[in-house]
Amino acid sequence: MGFEPIPGPPGIPFVGNVTDINPENPIQSLCNLTDIYGPIWQFHLGGNQRIVIASQELMNEVSNEERFSKIVSAALKEVRNGAHDGLFTAYGPEENNWGIAHRVLLPVFGPLAIRNMFDEMHDIASQLVMKWARHGPDHLIQVTDDFTRLTLDTIALCAMDYRFNSYYRDDLHPFIKAMGDFLKVSGDRARRGAIAQMFYREESRKYWKDIELLQQTSREVINARKGNPTYKKDILNAMLNGVDRKTGAKMTDENIMDNMITFLIAGHETTSGLLSFAFYFLLKNPSAYLKAQQEVDEVIGNAPITVEHLSKLPYLNAVLRETLRLQPTAPSIGLQAKEDTVIGGKYQVTKGTPIIALFSKVHRDPAVYGEDNEEFRPERMFDAEFERRNQEYPNSWKPFGNGMRACIGRPFAWQEALLVTAMLLQNFNFSMDDPSYQLQIKQTLTIKPKNFYMHAHLRNHMTATTLEHALASTTISAAKSAPQVAASTEPVAQGKPMVILYGSNTGTCEALANRLASDAENHGFHAELVDTLDSVREKLPKDKPVAIVTASYEGAPADNAAHFVNWIEGLKDSGLEGVSYAVFGCGHRDWAKTFHRIPRLLNDVMEERGGTRISPIGTSDAAAGDIFTDFETWEDQIFWPAMREKYGSAESPARSNYEASLEVEVSTPRSSTLRQDVREARVEDVQILSAPGVHEKRHIEISLPSDMTYSAGDYLAILPLNPKENIGRVMRYFGLAWDSILTLSSQGPTTLPTNTPIAATDVFGAYVELAQPASKRNIVALAEATQDEDAKKQLTNLGYSAFATKITAKRVSILDLLERFPSAQLPLGAFLTMLPPMRVRQYSISSSPLWNPNNVTLTYSVLDQPALSGQGRFIGVASTYLSSLSVGDKLYVTVRPSHQSFHLPKDAKKIPIIMIAAGTGIAPFRAFIQQRAAQLGAGRPLAPALLFYGCHSPTTDSLYAPMLSHWQQLGAVSLRYAFSRAPSESENCKYVQDRLYHDRKDVVDFFERGAKLFVCGGREMGERVREICVKIARERAAEQGRDVGEKRAREWVEGLGSERFATDVFG
């Protein structure tokens, strides 16, 4: 038999691969290296070999307890300093205490015994529920902290009748603090050598002191029970009184103490992580959230939850299984071969070599879970499907470990997690503090979400007082008080109350909602509430009009509207009777099939569910670049007239269109304010990629915050600053010195920093869009602000008949108009009120985490061209900002995932890919090819890939040509160029669509082998590529003897969907 060497990263002499493993998050490092080297690979630390296995097939093999056994990892060896030979840290049957404890305690974790612990579990869960209820919906829930207190208090009460009372103190109990520090330092010690450890004397002193406190507390609990014995059938009594049937021995006090510490460690860490991840996934997947909550409502309703209910919650059960599939809180286990052996049919493994079973990858094996293996889909975890999959693919779900060393407390953890999840969904609606939050991982002995925060809103009009009574009563009934709507902290406004709700990812719809609120007073109304759609799920007001401003993102709702949309869709019959509403929707016509899908869905479904429509829906197309004018037109001509007709409100005394609700004071102290929705990053490298004579194209490398991760195909959102030229223009216009300080105060909602001194350059640079094209209302305001009749006449013309051609088409800003018409004396406050808030810009990441998981690169074109208005130059805000940065500069960024379809196929070995790009549209494909090159370099077999790339010429802007050529030599890609200014060097193909048609035989061959096609570039290029695909499809049908018309061919191409034809077009 021929054996193959186990692949792996090359190491450094003496220290091995220590630099390849991130000590803060080693599991993520192991996952990244698995993506490079495949389902089995090796690495070395300090000269010692370790083997990683990451597929179901290999997991099934090493689960054979006749050939393999558990090995205590380096970290667990350190934990043995405090827990010795407890169940979790024992070496195994060779340690006599493990066998005695295992046999004595196994019955205590049987179904009946666990069932009898329900009341104690309910006691602690009720404390958590009441804490969140009393703090109210504005309280920022520290999710992992509160769940950790819950699970610690639960295991302590159930196991040894001891109360930490974590919810009745701000600080942690000394035992808990000592245990947390002990676990952290144990992990740190495991990563150091004996020599390095000598330099941590103070840490070591506290470490042993913490262990002494853990043991002393445990000893006191044991002695207290001995002095005051009870007949309670808890874990402590079982350890004190149980007799091992095999040996007749009882557990020693030392071993009881060790296992008490073991249960507190293992019993709280994993379950608190499970609950934290479960709520993250539910909040990120509104349809799953809705199904889970509906199941709780149908099974439990308003009744107090009982132990009998827990067996009747199949969807909730599936949610927990799926959570542990995607994020097993114990993300790996250590195994070893009992004798020298071979695994995978060709890899030699010597006796005792540590084998790391990486559950984070085993649980996502595409051979088992398919192309949607990264998606949270609880339906795959229903009992029948779960059992079928485990029969077909044994050992494909292993979050509780393996065999005789599997988690003995699994039934305890499962009952606790089901109970807590059901109670929370029964009594609260939850929302993320930051709906755009992407999962970050904190790793100690286990993994948990990092920086994950949420808010809890009581359901069914409950109050904390009525809930407290209900938890102790026989039924939970709704409070008799009316639903509470958040009251404004501003002085009481004049006019009839209304509610304005928005769904917004980029901030545009939020800005429109705030603008509507500002305008309300002019029409005899005042906005009592301006908030996200998710904030009113299940409590949509019926006693006042509701205006909704929301968008569609490739047919999906905004992050902060998804739960509301799912709730609306799930309502029956007349669930919205009494609700009066109006909808304005934003969308982008490039996604023709889902254009305005969410606004139209709300507009229609809310009426079908009994709501009353106040006015016809208003819509705007972001591709047209004139959202604000579309919105103002709908406001003025449709929405406000309909509101006045329905509610009989008269317009308030006219306030001029340029009169500001924003007051400005100018002072001298210097101050600065930073935005909070992005985080600080650092520039590591900048390059100019293009030659003179073409639009400048650049490359920038950015190091991310340590806990920010990304995948090839994702976006990096940048919070830019306005170009200095534009800031200077506005400063000069208003006569402000460069060190001027503004203090803003507002009578209505605003995204500007108020009531604090801030530099004028910060306000104009960081908070407003200076280059935003003027709206019709802006121009009317300028006409009112001038006394010059000629200027007034010209502005009136621009605001009406000439608006589309002279303003929108030429992207003329308010600042452009102020400079063109100096007689328009606009106050600074009115100017700021007209401007939308600065928004982030998204760029496709052009690197792979397999190159560097901590850094990303962007590939972008600098927009700097003569302004269409004829006034100076039009300068791109974000591209100019990026081009101004140098190595060492700081900027503010966040990673945003792209659509799930715009990622490399999971089965990279079998599915070919075709990539089509022009200009800087190559960015995501550079990332794809870089990832493939890393995998090929590690010896992994991959299906072939084609890149069709269009640019001007090989010498001016053929981006990354040497690198792409190198990757082509590796076999990572086959390059197909189209040079518009040098077609003779690209098979006489001028544009990328020409080259696609020229090489259509390869395209057809790839596609018939199951290839996935990706397109990235400008809108026009995307349309031309689609036309060529239709043409190729018709010709291929003709070759096969089928007469397919253009309409049918086009329908076929359109019907491919994003799973086979993924596009990312811009411009």
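Student: How many aromatic pairs does the structure hold?

Tutor: The structure holds 42 aromatic pairs. Keep in mind that this is a predicted model.

Student: Take Phe109 and Phe263: why is the pair called tilted?

Tutor: Their ring centres are 5.6 Å apart, and a pair needs centres within 6.5 Å, so they count as a pair. The planes sit at 50°, while stacked needs under 30 degrees and edge-to-face over 60, so this pair is tilted.

Student: What makes Phe109 and Phe263 a tie between parts apart in sequence?

Tutor: Phe109 lies in the loop between helix H4 (96–105) and helix H5 (111–115), and Phe263 is in helix H12 (residues 253–284), so the pair ties together parts 154 residues apart in sequence. Both Phe109 and Phe263 are buried, too.

Student: Which residues do ring pairs link into a cluster?

Tutor: That cluster has Phe525, Phe584, Phe631, Trp634, Phe639, Trp640 and Tyr647.

Student: How do you know that the charged end of Arg325 sits over a ring?

Tutor: It's placed over the ring of Tyr369, 4.6 Å from the centre, and the distance cut-off is within 6 Å. Likewise, the charged end of Arg1026 sits over the ring of Phe1061, 4.6 Å from its centre.

Student: And why is Cys407 called partly exposed?

Tutor: Its relative accessible area is 40%; buried would be under 20% and exposed over 50%, so Cys407 falls in between. Cys407 is in the loop between helix H17 (383–392) and helix H18 (410–427), and UniProt lists Cys407 for "binding site" in an unreviewed entry.

Definitions and conventions:
Residues numbered from 1 in each chain as written. Predicted model: local features only at pLDDT ≥ 70, side-chain atom pairs only at ≥ 80, totals over all residues. Heavy atoms only, no water. UniProt positions renumbered as here; feature names shortened; annotations may be inferred. Helix = DSSP H or I, 4+ residues; strand = E, 2+ residues; numbered from the N terminus. Buried < 20%, exposed > 50% of the residue type's maximum accessible area, 1.4 Å probe, protein only. Phe/Tyr/Trp six-rings, centres within 6.5 Å; stacked < 30°, edge-to-face > 60°. Lys NZ or Arg CZ within 6 Å of the ring centre and 35° of its normal.
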